[in-house]
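Q: I have not looked at this one before. Please walk me through it.

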Amino acid sequence: MRVWTIACFILTILAFDVQTTAAADELVKFDSAAYIMGQIQQRQARERGETSTLTPVATVDGYLSKPGGNGPFPAVVYLHGCSGLAKNARSRMAELITDWGYVSLVVDSFTSRGIKEACDQPMPAREADALGALLYLSKLSFIDPTRIAVFGSSQGGIAVLRLASIHDVKLFAISDELKFKAAVAYYPLCSVAAQQLTIPTIILIGELDDWTPSKNCELWMKWRAGKGAPVKLVVYPGAYHAFDFPTFGDGRRSFGHWLKYDADAAQRSVLEARDFLATELAK
């Protein structure tokens, strides 16, 4: 009887492992959202006899992971930094997000475009990629399309703030009813954001960041003066850029900036992000 009980327990564990890992880190492909042409571009297109008002889209890679169960789940779209999506970062973010009970879609904006890094060149279409990911997730049966957040680090965090900002004109060919529920931005350049944001946002940054300075975010917070959706800024004393990446251990200089892991700041930021998303995605 005891042997049978142990055997059943082992089978249960194996079944659970298969269920949770089968849908982990699955490579998926989706279209980056199309830009709507400006008035001048539309007039030029009409003069050429063209009727399309959308610019061409690119196919983007993403890595989809889901927690056990049938859902529908909230979801989080993750946007990497300017040096690209390393496998260990991809796995770490997917595990973190699914452990919180959300479907994770880690977007790789560079591979399909043949880009190794974009730290010293113009940022590619990160916002369009994020919205393409949003549209892709909204069509999955196990996703609640009204509870999808966007989460980005560094250049990805910059894209997050732009996505969260109020815009005077419609930029992308995506339904107004489909939008992110909340935003998490790790060490972004806050001055890229508009004065008002449209969705609740949390910004997590190191006090000593010399790439995207925390002072920049503090000045932006004063400029916005509490207008728009609520924003929480958390500055970690003594922390540098990429403080949450263990691969930067004792510190490393990259593109003239200092990157260093800070275990305490990393742990505290994870708790801040988790609690923020738990509040916002529960609504």
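A: One term to begin with: a disulfide is a pair of cysteine sulfur atoms within 2.5 Å. Also keep in mind that this is a predicted model.

Q: OK, how many disulfides does the structure hold?

A: Two. Cys-82 and Cys-119 form a disulfide, and so do Cys-190 and Cys-217. Counting the bonded cysteines along the chain, the pattern is 1-2, 3-4.

Q: Take Cys-82 and Cys-119. How far apart are their sulfur atoms?

A: The sulfur atoms of Cys-82 and Cys-119 are 2.0 Å apart. The torsion about their S-S bond is about 90°, so this disulfide is right-handed.

Q: And which parts does that pair tie together?

A: Cys-82 is in the loop between β3 and α3, while Cys-119 is in the loop between β4 and α4 (126-138), so the bond ties together parts that lie 37 residues apart in sequence.

Q: Are Cys-82 and Cys-119 buried or exposed?

A: Both Cys-82 and Cys-119 are buried.

Q: Now Cys-190 and Cys-217. What is the angle about the S-S bond there?

A: It is 80° for Cys-190 and Cys-217, and that link is right-handed. The sulfur atoms of Cys-190 and Cys-217 are 2.0 Å apart.

Q: Where do Cys-190 and Cys-217 sit?

A: Cys-190 is in the loop between β6 and β7, and Cys-217 is in helix α6 (residues 214-224). They are 27 residues apart, and the pair links distant parts of the chain. Both Cys-190 and Cys-217 are buried.

Q: Switching to the sheet. How many strands form it, and in what order?

A: Eight strands form an open sheet, in the order β1-β2-β4-β3-β5-β6-β7-β8, with mixed pairing. At the edges are β1 (26-31) and β8 (231-236), each of which pairs on one side only. On average, neighbouring strands of the sheet are turned by 20° against each other, direction ignored.

Q: In what sense do β5 and β6 pair?

A: Strand β5 (residues 143-153) and strand β6 (residues 183-186) pair in the parallel sense, over four bridges. Phe-151 stands opposite Val-184 in β6.

Q: Which strands does α5 touch?

A: Helix α5 (residues 155-164) packs on the sheet and touches β3, β5, β6 and β7 (201-206). The direction of α5 makes about 130° with that of β5.

Q: And which strands does α3 lie across?

A: Helix α3 (residues 87-99) lies across β2 (59-65), β3 (73-79), β4 (103-108) and β5. Relative to β4, helix α3 runs at about 155°.

Q: What does Ser-154 touch?

A: Not counting residues up to four places away in sequence, Ser-154 touches Gly-81, Tyr-186, Tyr-187, Pro-188 and His-241.

Q: Last one, His-257. Which strand does His-257 lie in?

A: His-257 lies in strand β10 (residues 257-259). Its relative accessibility is 18%, so His-257 counts as buried.

Q: What is His-257 in contact with?

A: Leaving aside neighbours within four places in sequence, His-257 is in contact with Asp-210, Trp-211 and Arg-252. For Asp-210, the backbone oxygen lies 3.0 Å from a polar atom of the His-257 side chain.

Note on methods
Residues numbered from 1 in each chain as written. Predicted model: local features only at pLDDT ≥ 70, side-chain atom pairs only at ≥ 80, totals over all residues. Heavy atoms only, no water. Pairing = 2+ DSSP bridges. Helix = DSSP H or I, 4+ residues; strand = E, 2+ residues; numbered from the N terminus. Axes fitted to C-alpha atoms, helices over the stretch in contact; angles between N-to-C directions. Contact = heavy atoms within 4.5 Å. Buried < 20%, exposed > 50% of the residue type's maximum accessible area, 1.4 Å probe, protein only. Polar contact = N/O pair within 3.5 Å; in protein donor to acceptor, adjacent residues only side chain to side chain.
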